[in-house]
Every structure is written in structure tokens, then in C-alpha cells.
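Trainee: I would like to learn how to read a model like this one. Could we go through it feature by feature?

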There are 2 protein chains.
Amino acid sequence: MLRDDVISFPDGAGATYTVVENPDSAFVVPYFDNGDTVLVRQWRHAWDISSWEVPAGTFDEGEDPAECARRELAEETGLVATRYSSLGVVRGAAFLTGRAHLFLAEGLTESARNPETYEQDMEVLRLPFTHALQAALEGQIVHSGSVTALCRAAHALELP
Amino acid sequence: MLRDDVISFPDGAGATYTVVENPDSAFVVPYFDNGDTVLVRQWRHAWDISSWEVPAGTFDEGEDPAECARRELAEETGLVATRYSSLGVVRGAAFLTGRAHLFLAEGLTESARNPETYEQDMEVLRLPFTHALQAALEGQIVHSGSVTALCRAAHALELP
């Protein structure tokens with residue numbers, strides 16, 4: 001997981017830079033025809049808080065971004081989407097290699113949830129998208145990737 | 001930097017969860033009276049790209065969030081602000097402990113830049129805030145913390 005690289009600064013000096021290799025992930029903003037979205041809440045051990053986030057997860061072996069998005073949305077919320085639009089690819093901390101692939105999911109129908117063992121305490125909340133966006137902008141959502149995904153979704157949907 | 005914790009799942013099963021301990025950081029959105037902001041561009045070794053971001057950096061020993069924000073803004077851009085407003089505290093990857101403290105900086109005056117050695121190749125760009133926000137929403141800015149900071153700044157400033 002850790003990798004020590006030797007890098008060069010502009011003045012020619014060298015240094016060791018520690019890179020943390022982590023898998024890519026997919027983040028999904030579901031958007032219902034009536035203007036609702038879905039957030040999920042999970043305990044985050046490293047943060048010592050329970051966090052509201054958009055449905056998301058890391059790639060399984062061999063998955064592509066859209067496959068991961070479809071699987072995570074179904075596992076966490078039971079939702080199946082007919083349309084996926086990319087909201088771009090973003091990065092977190094400077095020392096992490098993993099990218100987050102953001103998606104807007106529309107044309108939604110509900111099926112059964114199928115949470116992973118570690119997701120069985122997850123809460124699922126359907127709410128107006130505008131309320132979720134407000135929570136992202138005013139601080140109730142603290143997960144930066146979720147804030148980014150919700151803001152880009154609002155822009156893509158041309159919401160005020 | 002790495003810490004292996006034993007955690008319990010809702011079904012009672014135990015597992016090891018690897019936490020990466022990293023320092024807190026401050027992210028600053030400078031906002032000039034004429035509606036301009038400043039972005040900085042830096043090579044990101046772990047991402048293998050050059051990235052446009054808001055001025056930011058990690059806490060020095062014993063610093064509080066506002067001190068770090070003031071120091072990083074001055075070092076990277078030469079700007080001094082008379083007013084700082086909190087835009088909240090956000091988190092990145094689930095396995096990281098470090099928090100990002102977001103600030104809006106107003107009442108700006110310019111002094112000399114004082115970049116760290118590793119920042120000497122940094123480009124500094126003053127541009128209309130609305131252009132930076134558009135770059136955050138449309139994908140030219142890939143750093144999720146910077147996207148979050150710019151979107152929350154737009155909301156705090158009540159920009160359309």
C-alpha cells in the first residue's frame with residue numbers, strides 16, 4: 001500500500017515522497033424524475049463519526065468505473081438506473097493514487113438492497129436533491145467527494 | 001503513518017482496518033473586492049499531473065487552522081487577508097484521519113510570496129471567481145477539496 005519514491009525538486013534537490021496506493025472508486029448521485037436523490041449514512045472508523053454520503057465504493061478486481069457505479073448503487077440502495085452520465089474524475093489527498101469517478105444516475109427503478117456485511121448498519125435516505133445539495137454546501141455533509149459529486153450533479157442538471 | 005485497528009461489524013464479526021494518519025490541512029479561497037480569486041498550479045507526483053488548486057497546505061507543528069490558512073496563503077500567493085470566514089471542515093478518503101479546514105479570505109492586500117522549496121515551480125493565477133467555479137464544476141479542477149472549497153465559497157458569497 002505504501003511506496004517510497006525519489007523525486008526531484010525544481011532546484012535539483014532530491015527527496016523521498018511517500019505515496020499511498022489505493023484503488024479507484026465510483027461515486028453515484030441518483031436523481032429521480034420527481035427531483036429526489038438518495039444519501040447513505042455509515043460509520044467512518046478513521047473519522048470517529050457517522051457520515052452522510054452519496055452511494056459509493058471501490059472497484060472490485062477488473063471492474064470498470066460504470067460497472068462499479070452500477071454495483072455499488074444496487075448494493076447500497078437497491079436502485080437500478082437506465083442512464084449514467086459522467087460528472088468527471090477527481091482526486092483527494094496529494095499522496096493518494098486512487099481516483100474517484102463521479103456519476104449522475106437517472107431513469108431509476110427500485111429492486112432489493114444487497115449490502116455487504118460491513119454495510120449492514122448503513123442508513124438509506126431518499127430526500128429532495130435540493131436538500132442534499134444544501135447539506136453539502138452548509139456543512140452537514142463532511143465527505144468532500146460527496147460534496148463535489150452533488151455540486152457537479154446540480155450543475156449538470158442545470159439546477160439553480 | 002499506518003495504524004491497524006481491530007473493528008467490529010454490526011453482525012459481531014471483527015476485522016482489521018488500516019488507518020492512515022495524516023495531518024490536518026487548511027484550504028483558502030481568496031476573494032477580491034472586484035470578484036477575482038487566485039488558484040495555484042503544482043505538480044502532483046502521485047497523480048502524475050499538474051493540478052490547479054486553491055492555496056492550501058498541512059499544519060505545521062502546533063498551528064491552529066486559521067494560522068495555517070494565513071501562512072499558506074502568504075507563502076503561496078503573497079496575499080494577506082483582513083477577514084477569514086470558515087467554510088467548514090471536510091474529510092477525504094474513509095481511511096484518512098486528517099481533516100481539511102476550509103476558509104474564505106477577504107479584505108486582501110498583496111505582499112511578497114515566500115514559497116517553500118518544493119513550491120518554487122508553483123504557478124499563481126488571478127482570475128474571476130466565476131471562472132474558477134466553472135472550472136471546478138466542469139472538470140478542469142480535479143482536486144476534490146478545491147472543488148468543495150470553491151462551491152462552498154460561492155454559496156457563502158451568495159453568488160448565482
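**Reading the fold and the pairing of chains**

Mentor: In chain A, 66% of the contacts with a separation of 6 or more are between residues 24 or more positions apart. Keep in mind that this is a predicted model.

Trainee: How many helices and strands are there in chain A?

Mentor: Chain A has three helices and nine strands. Their order along the sequence is β-β-β-β-β-β-α-β-β-β-α-α. The C-alpha trace of chain A spans about 55 × 35 × 30 Å along its principal axes, and 39% of its 160 residues count as buried.

Trainee: Next, the sheet. In what order do the four strands of the open sheet in chain A stand?

Mentor: The general idea comes before the case. Strands of a sheet pair through backbone hydrogen bonds, and the sense is either parallel or antiparallel. In chain A the order is 6-3-8-7, and the pairing is mixed. Strand 6 (56–58) and strand 7 (79–90) of chain A are the edge strands, each pairing on one side only. From one strand to the next the twist averages 25 degrees.

Trainee: Which strands of chain A run parallel, and which pair in the antiparallel sense?

Mentor: Strand 3 and strand 8 of chain A run parallel and are joined by six bridges; P30(A) has A105(A) as its bridge partner in strand 8 of chain A. Strand 3 pairs with strand 6 of chain A in the antiparallel sense over three bridges, and there F27(A) stands opposite A56(A). Strand 7 and strand 8 (residues 100–110) of chain A are also paired in the antiparallel sense, over nine bridges. In that pairing, S86(A) stands opposite F103(A).

Trainee: Is strand 3 of chain A buried or exposed?

Mentor: Six of the six residues of strand 3 of chain A are buried, so the strand is largely enclosed by the rest of the structure. For the two sides, start with the rule: in a regular strand the side chains alternate between the two faces of the sheet. Here S25(A), F27(A) and V29(A) point one way, A26(A), V28(A) and P30(A) point the other way, and all are buried.

Trainee: What does V28(A) contact beyond its neighbours within four places in sequence?

Mentor: V28(A) is in contact with V54(A), P55(A), A56(A), A69(A), E72(A), L73(A), F103(A) and A105(A). In the largest nonpolar core, of 73 residues, V28(A), L150(A), V28(B) and L150(B) have the most contacts inside it. Another core lies apart from it, with 11 residues, among them V20(A), A93(A), F95(A) and F95(B).

Trainee: Which strands of chain A does helix 3 of chain A lie across?

Mentor: Helix 3 (residues 144–156) of chain A lies across strand 3 (25–30), strand 6, strand 7 and strand 8 of chain A. The helix runs at about 105 degrees to strand 7 of chain A.

Trainee: Why does R83(A) count as exposed?

Mentor: R83(A) counts as exposed because it has 11 C-beta neighbours inside 10 Å, and the cut-off for exposed is 12 or fewer. R83(A) is in strand 7 of chain A. Not counting residues up to four places away in sequence, R83(A) touches E106(A) and G107(A).

Trainee: How many residues does the contact take from each chain?

Mentor: The contact takes 41 residues from chain B and 41 residues from chain A. On the side of chain B that touches chain A, helix 3 of chain B gives the most, with seven residues. By class, that side has 22 nonpolar, 13 polar and six charged residues.

Note on methods:
Residues are numbered from 1 along each chain as its sequence is written. Chains are lettered from A and ligands numbered from 1 in the order in which they are written. This is a predicted model: local features need pLDDT of at least 70, side-chain atom pairs count only at pLDDT 80 or more; totals for chains, interfaces and linings use all residues. Two residues are in contact if their C-beta atoms, placed from the backbone, lie within 7 Å. Helices (H or I, at least four residues) and strands (E, at least two) are DSSP runs, numbered from the N terminus. Ala, Val, Leu, Ile, Met, Phe, Trp, Tyr, Cys and Pro count as nonpolar, Asp, Glu, Lys and Arg as charged, and the others, Gly among them, as polar. Two strands pair if DSSP finds at least two bridges between them. Axes are lines fitted to C-alpha atoms, for helices over the stretch in contact, and angles run from 0 to 180 degrees between N-to-C directions. A nonpolar core is a set of buried Ala, Val, Leu, Ile, Met, Phe, Trp, Tyr and Cys residues joined through C-beta atoms within 7 Å. A residue is buried if 20 or more other C-beta atoms lie within 10 Å of its own, exposed if 12 or fewer, and partly exposed in between; C-beta atoms are placed from the backbone.
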